[in-house]
Amino acid sequence: KIGDDVIGGKVIAVVEKKRTENHKFFKHIFTDGEVVMSKGHPYLGIVKNIEESEHDSPTTHDILTDGGFYIVNNVKLLSTIV
């Protein structure tokens, strides 16, 4: 939530959207870790493979930190929040 400290900075914005019927999640396998996220989510790292995921969350989430990035499973993610 806003104000939380995460690896990458303090959370300054949070977006939660209802997932559309045709929205799919993908497991992105990096050299340093794995992250299930929407295809096209911005990241920094070397992707070894992308495969469709069975993840069935009814919503999608993103955060924006004051550092401009956050780390999930050793992978540096950028925000889709403008």
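# Charged and aromatic contacts in a predicted model

Visitor: How many salt bridges does the structure hold?
Guide: The structure holds four salt bridges, a salt bridge being a side-chain nitrogen of Lys or Arg within 4 Å of a carboxyl oxygen of Asp or Glu. This is a predicted model, in which local features need pLDDT of at least 70 and side-chain atom pairs count only at pLDDT 80 or more, while totals for chains, interfaces and linings use all residues. Residues are numbered from 1 along each chain as its sequence is written, and side-chain values use heavy atoms, with hydrogens and water left out.

Visitor: Which residue forms a salt bridge with K10?
Guide: That partner is D5, and the closest N and O atoms of the two are 3.2 Å apart.

Visitor: Is D5 buried or exposed?
Guide: D5 is exposed, at a relative accessible area of 61%, whereas K10 is partly exposed at 35%; here buried means under 20% relative accessible area, exposed over 50% and partly exposed in between, with a 1.4 Å probe and protein chains only.

Visitor: And what about K24, which residue does it form a salt bridge with?
Guide: K24 forms one with E52, where the closest N and O atoms are 3.9 Å apart. This pair links distant parts of the chain, since K24 is in the loop between β2 (9-18) and β3 (25-30) and E52 is in strand β6 (residues 47-52), 28 residues apart; strands (E, at least two residues) and helices (H or I, at least four) are DSSP runs numbered from the N terminus.

Visitor: Which residues are joined into one network?
Guide: The side chains of K27 and E34 meet in a salt bridge at 3.8 Å, N to O, and salt bridges that share partners join K27, E34 and E51 into one network. K27 is partly exposed at 25% relative accessible area, and E34 is also partly exposed, at 40%.

Visitor: Switching to rings, how many aromatic pairs are there?
Guide: A search of the whole structure finds one, where rings of Phe, Tyr and Trp (its six-membered ring) pair if their centres lie within 6.5 Å, with planes under 30 degrees apart counted as stacked, over 60 as edge-to-face and the rest as tilted.

Visitor: Why is the pair of F30 and Y43 edge-to-face?
Guide: The ring centres of F30 and Y43 are 5.0 Å apart and their planes are at 80 degrees, so the pair is edge-to-face. F30 is in strand β3 and Y43 in strand β5 (residues 43-44), 13 residues apart.
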